[in-house]
Amino acid sequence: MLLRQRLGVAMLFIFLPINVPLWKMIFEIAGHPLPFGDLQLFFSFLVLMVMGGVFTFTPKLRSPIWK
């Protein structure tokens with residue numbers, strides 16, 4: 001498994017949209033409340049989760065030049 005794929009799997013679990021309240025609580029406990037609304041956080045987590053899926057499920061591409 002490539003490092004990119006491991007990062008993608010981690011992103012899939014960390015940025016699940018259901019984890020938004022957990023991250024909000026963690027930042028509030030740390031003393032840094034997030035200045036974004038719930039809907040903005042939901043969509044940003046959704047975008048990050050999709051990026052994790054792209055990292056995980058795209059195949060390893062090789063350029064014909066680097067054989």
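Helices (H or I, at least four residues) and strands (E, at least two) are DSSP runs, numbered from the N terminus. With that in hand, the protein chain reads α-α-α along its sequence: three helices and zero strands.

Before going further, a word on the source. This is a predicted model, where local features need pLDDT of at least 70, side-chain atom pairs count only at pLDDT 80 or more, and totals for chains, interfaces and linings use all residues. Residues are numbered from 1 along each chain as its sequence is written, and side-chain values use heavy atoms, leaving out hydrogens and water.

**Overall shape**

Let's start with the whole chain. Its C-alpha trace spans about 50 × 20 × 20 Å along the principal axes. The radius of gyration (taken over C-alpha atoms) is 16 Å, while a compact globule of 67 residues would have one near 11 Å. That globule rule is 2.2 Å times the number of residues to the power 0.38.

The accessible surface (Shrake-Rupley method, 1.4 Å probe) comes to about 5500 Å², and 76% of that belongs to carbon and sulfur atoms. Of the 67 residues, 18% count as buried. Buried means under 20% relative accessible area, exposed means over 50%, and partly exposed is in between (1.4 Å probe, protein chains only). As for contacts (heavy atoms within 4.5 Å) with a separation of 6 or more, 77% are between residues 24 or more positions apart.

| Residue | Where to find it |
|---|---|
| N19 | loop between α1 (3-14) and α2 |
| I29 | helix α2 (residues 20-29) |
| G52 | helix α3 (residues 38-57) |

Take N19 to begin with. A polar atom of the N19 side chain lies 3.4 Å from the backbone oxygen of I14. Setting aside neighbours within four places in sequence, N19 is in contact with F13, I14 and F45.

Is G52 buried or exposed? G52 counts as buried because its relative accessibility is 0%. Leaving out residues up to four places away in sequence, G52 touches G8, M11 and L12. E28 is 24 residues from G52 along the chain, and their C-alpha atoms are separated by 25 Å.

I29, on the other hand, is exposed, since its relative accessible area is 74%. I29 also belongs to a nonpolar surface patch with L22, M25, I26 and F27, and together they have about 500 Å² of accessible area.

Technical notes
Patch = residues over 30% accessible without salt bridge, like charges linked within 9 Å, V, L, I, M, F, W, Y side chains within 5 Å. Salt bridge = Lys/Arg side-chain N within 4 Å of Asp/Glu carboxyl O. Polar contact = N/O pair within 3.5 Å; in protein donor to acceptor, adjacent residues only side chain to side chain.
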